[in-house]
Amino acid sequence: QGAKRGGLLLESVPRGGGHAVVMGVGLNVLMPRVEWGGIGQPGTDLQTAAGGPVSRNAAAAWLLEELVAAVRRFQADGLAPFVEQWRQYDIMRGKLAVLRWPGGHVMGVVEGIDAGGDLVMSVNGVTRRYRYGEVSLRAAP
């Protein structure tokens, strides 16, 4: 519903002859509303969404089980099984964003990801694909 409940950071790092992905996950279980003022974007937490108390341990256990299953599926089948679901939940799609990388940046409208996982952006009316960088909605005007 447009309020941030958590975040996901995926970082590709060189490893051997290919790449590995480092994943960071943050999930807001209980966050006082007064704290959201300093973040600069609408937010919520699991307890608000659930309408009652949520066990952090139970939430962490569920999340870890889901992540392990997803990583195993990714190892077996690649990105393809995840692309449609990614698109369904992609909050950046259609929004102005800044993509930064060492020594440069670009601003454009996020179109989503392609079948290979590249970020697709419309930059000055031209569709471009990017394989690396840090994308942010907060840094856009």
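1. Glu66 belongs to helix 3 (residues 56–77). In this predicted model, Glu66 counts as partly exposed because its relative accessibility is 43%.

2. How many aromatic pairs does a search of the whole structure find? The search returns 3 aromatic pairs. In one of them, the ring centres of Phe74 and Phe82 are 6.5 Å apart with the planes at 50°, so this pair is classed as tilted; a stacked pair would need planes under 30 degrees apart, and an edge-to-face pair over 60.

3. Phe74 has a relative accessibility of 43% and therefore counts as partly exposed. As for Phe82, Arg73 lies over the face of its ring, at 5.9 Å from the ring centre.

4. The rings of Trp101 and Tyr130 form a stacked pair, because their planes meet at 25° with the centres 6.2 Å apart. Trp101 lies in strand 3 (residues 96–101) and Tyr130 in strand 6 (residues 126–130), so this pair ties together parts that are 29 residues apart in sequence.

5. Is Tyr130 buried or exposed? Tyr130 counts as buried, at 14% relative accessibility, since the cut-off for buried is under 20%. Trp101, at 24%, counts as partly exposed.

6. Ring pairs also bring in Tyr132: together with Trp101 and Tyr130, Tyr132 is linked into a cluster.

Key: Residues are numbered from 1 along each chain as its sequence is written. This is a predicted model: local features need pLDDT of at least 70, side-chain atom pairs count only at pLDDT 80 or more; totals for chains, interfaces and linings use all residues. Side-chain values use heavy atoms; hydrogens and water are left out. Rings of Phe, Tyr and Trp (its six-membered ring) pair if their centres lie within 6.5 Å; planes under 30 degrees apart count as stacked, over 60 as edge-to-face and the rest as tilted. Buried means under 20% relative accessible area, exposed over 50%, partly exposed in between (1.4 Å probe, protein chains only). Helices (H or I, at least four residues) and strands (E, at least two) are DSSP runs, numbered from the N terminus. A charge sits over a ring if NZ of Lys or CZ of Arg is within 6 Å of the ring centre and within 35 degrees of the ring normal.
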